[in-house]
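Here is a short tour of a few local features, written for someone who likes to have the model open while reading.

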Amino acid sequence: MEIRSLEELQAPDERTLRFTPLGLGGLMKPGEAAAYQQELVASADLVDLVPEPLRKSFERVRKVHSYGVLNYEMFTVAHDQAQLVLEYALRERFVEYFGGTATFVDDNDTEHQLTFTSVEDLRDELRRRRPRRQRRSQGPKPPPWRVRTRETSRLVKFDGMLTGLLAWAREEGLLNGTYARFAHKLIVEFRNRVAHHAGYYLLAPGESTRAIRDLAEIINQLWGVPTQGGRLYPAPLGRTPFIIGWDPTRRIITSGPAEHFFCTPANLDLDEFTYMIALAVPYDPWLDRFDARFESTVYPTEWLWGPGTWSDALAWFTAERPEPDTIDPLDRHLLIRFHDGRLYIPQQVAVVAGLLGEDRTGHWYLVRADFPNDAFNHLRQKLTGNRNCAERQCRQCAVEIIAEGVWEQVMGYLRATENPPVARTTPDACTPLWSLRWNEIHAGYWTVPSPW
C-alpha cells in the first residue's frame with residue numbers, strides 16, 4: 001500500500017471535479033464541487049418516525065458520498081452501502097411492524113406464533129424449526145415458512161432475505177407502485193452483487209446520488225410517508241381546474257388555470273376559440289394533448305366541461321366553481337380495449353363504465369400501472385407475440401394485468417371490489433394536437449395510423 005501524506009489525502013480528485021451542474025465539462029473549483037455533491041443528496045432526509053440507528057446508518061452513506069470529492073471511488077462505496085442499508089431498513093421495519101411477534105405457517109399448514117427481537121433471531125429460529133435435508137438424495141429442499149400479513153392475512157414466503165422482505169412489505173401495503181415493484185428486481189440484483197462481490201467496478205456520482213435518494217424514498221415510504229416529487233414513491237399530486245383552448249385553424253393551443261383565465265378583460269373577444277375545462281396536474285407536460293375519453297396525458301386528468309365557447313365556459317365555471325383535489329399517481333387501474341385488430345390507448349375505469357353500445361365491444365384488459373404508456377406498450381408487445389410480455393405480471397414492463405374479458409365481465413369484476421366504479425359520461429372530444437387513439441396490431445408488429 002502506498003502511504004500518502006495528509007496533504008495528499010486532502011487533495012481533490014480531478015475526476016469528481018469534472019461533474020458539474022451542467023454535466024461533464026471543465027474542472028470545478030474544489031470548494032464548489034464539494035458543495036455541489038453534498039447538495040445533490042442534502043434534500044434526501046429521513047422522516048422523524050425512522051429509528052435513530054437506521055438514521056445514523058443512512059447519514060454514514062451520505063457522508064461517504066460527500067468524500068467522493070477527495071476520492072472518486074467513494075461514490076461506488078456509497079452506492080454499495082446504500083443497498084445494504086436498505087435491507088437493514090426492511091428488517092427494522094419488519095420487527096417494529098409486528099411488535100416482535102408474528103404468525104408463521106409451515107409447509108404442513110400448521111400455524112406457529114414466533115417471538116423475536118430482530119430478523120437475525122427470527123431466521124435462526126426458523127432454521128431450527130424447519131427439517132433439514134442432509135443429502136440431495138433425501139428429496140427437495142424444504143420450502144420456506146410463510147408469514148401471515150397483518151393487513152390482508154395472506155401468506156408470504158419468508159426467509160429473512162431481501163426478496164422476502166420486499167414481498168412482505170408490498171403485501172402489507174407499505175410499499176406500493178408498479179414502477180417501484182419493477183425497480184425492486186434491480187435493487188435485489190445490486191444487493192447480491194455487493195454481498196457476493198462481483199469484482200472491481202467503478203460508478204459515477206450520479207449513480208451514487210440516485211441510490212441514496214431512492215434509499216431515502218423507500219425508507220420514508222416504509223414508515224408511511226411518501227416523498228414530494230419522488231421518483232419511486234411520490235406524494236399525492238394536486239390537481240386544479242384547467243382550461244384548454246384552440247383557435248379555428250386548430251394550430252394554436254393555449255391553456256392555464258381556469259381561475260386565472262377568466263380574469264381577462266371583458267372587452268376581449270375570445271369566442272373564436274374552442275375550450276374545454278379539465279381537472280389536471282398543472283405541470284403535466286402533455287396537457288395540450290388532452291383527450292376526454294382516453295389517457296393521453298402523463299398524470300390522471302378528468303374532464304369537467306366542454307368543448308364550447310368562451311362565454312359558455314365562463315358561465316359554467318362561475319356557476320359550478322369546481323374545487324381542486326389530490327390524486328395518487330401510483331398503481332392506477334386502467335382499461336384497454338382490443339377490437340377488430342385495433343389496440344386502443346388506456347381509458348379511466350369511470351369513463352369505460354359510462355360507455356354505451358358499440359363503444360363497449362371488444363376484449364378489455366384491466367391493467368395496473370403507474371403510467372398509461374407503460375400499460376399500452378406492454379399490451380402492444382403482448383398482442384404482437386413478445387413472449388417476455390406473456391405473463392400477467394410482466395418481467396420486463398412495470399405492468400400487471402388484473403383481469404380481462406368482454407365489457408360485462410370486467411365491469412362485474414370491478415363491481416365486486418371494495419371500490420366499485422362510478423360511471424362518468426364524457427364527450428367524444430380531444431384537443432387538435434391529439435387524434436391518435438389506437439395502433440393496428442399484426443402478427444409480430446404493429447402500425448400507427450396516419451393522423452392525416
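## Helix α8

Helix α8 covers residues 178-195, which is 18 residues, and spans 26 Å between its first and last C-alpha. That is close to the 26 Å expected at 1.5 Å a residue, where the expected span is 1.5 Å times one less than the number of residues. Helices here are DSSP runs of H or I with at least four residues, strands are runs of E with at least two, and both are numbered from the N terminus. This is a predicted model, in which local features need pLDDT of at least 70 and side-chain atom pairs count only at pLDDT 80 or more, while totals for chains, interfaces and linings use all residues. Residues are numbered from 1 along each chain as its sequence is written, and side-chain values use heavy atoms, with hydrogens and water left out.

Among the buried residues of α8 are Thr178, Arg181, His184, Ile187, Arg191 and Val194. Buried means under 20% relative accessible area, exposed means over 50%, and partly exposed is in between (1.4 Å probe, protein chains only). The buried residues of α8 pack against helices α5 (74-98), α7 (162-171) and α9 (205-222), and also against β15 (363-369) and β16 (399-405). Just after α8, His197 has a positive phi of about 50°.

## How α5 and α7 cross

Two of those packing partners also meet each other. Two packed helices are described by the angle between their axes and the distance between the axes. For α5 and α7, the axes come within 10 Å and cross at roughly 50°. This makes α5 oblique to α7; angles under 35 degrees count as roughly parallel, over 145 as roughly antiparallel, 65 to 115 as roughly perpendicular and the rest as oblique. Axes are lines fitted to C-alpha atoms, for helices over the stretch in contact, with angles from 0 to 180 degrees between N-to-C directions.

On the α5 side, the residues that meet α7 include Glu87, Leu90, Arg91 and Phe94. Their partners in α7 include Leu162, Leu165 and Trp168. Contact means heavy atoms within 4.5 Å.

The structure holds zero disulfides, a disulfide being a pair of cysteine sulfur atoms within 2.5 Å. Cys394 is in none, and its nearest cysteine sulfur, that of Cys397, is 3.6 Å away. Cys394 is buried, with a relative accessible area of 0%. Cys397 also counts as buried, at 13% relative accessibility.
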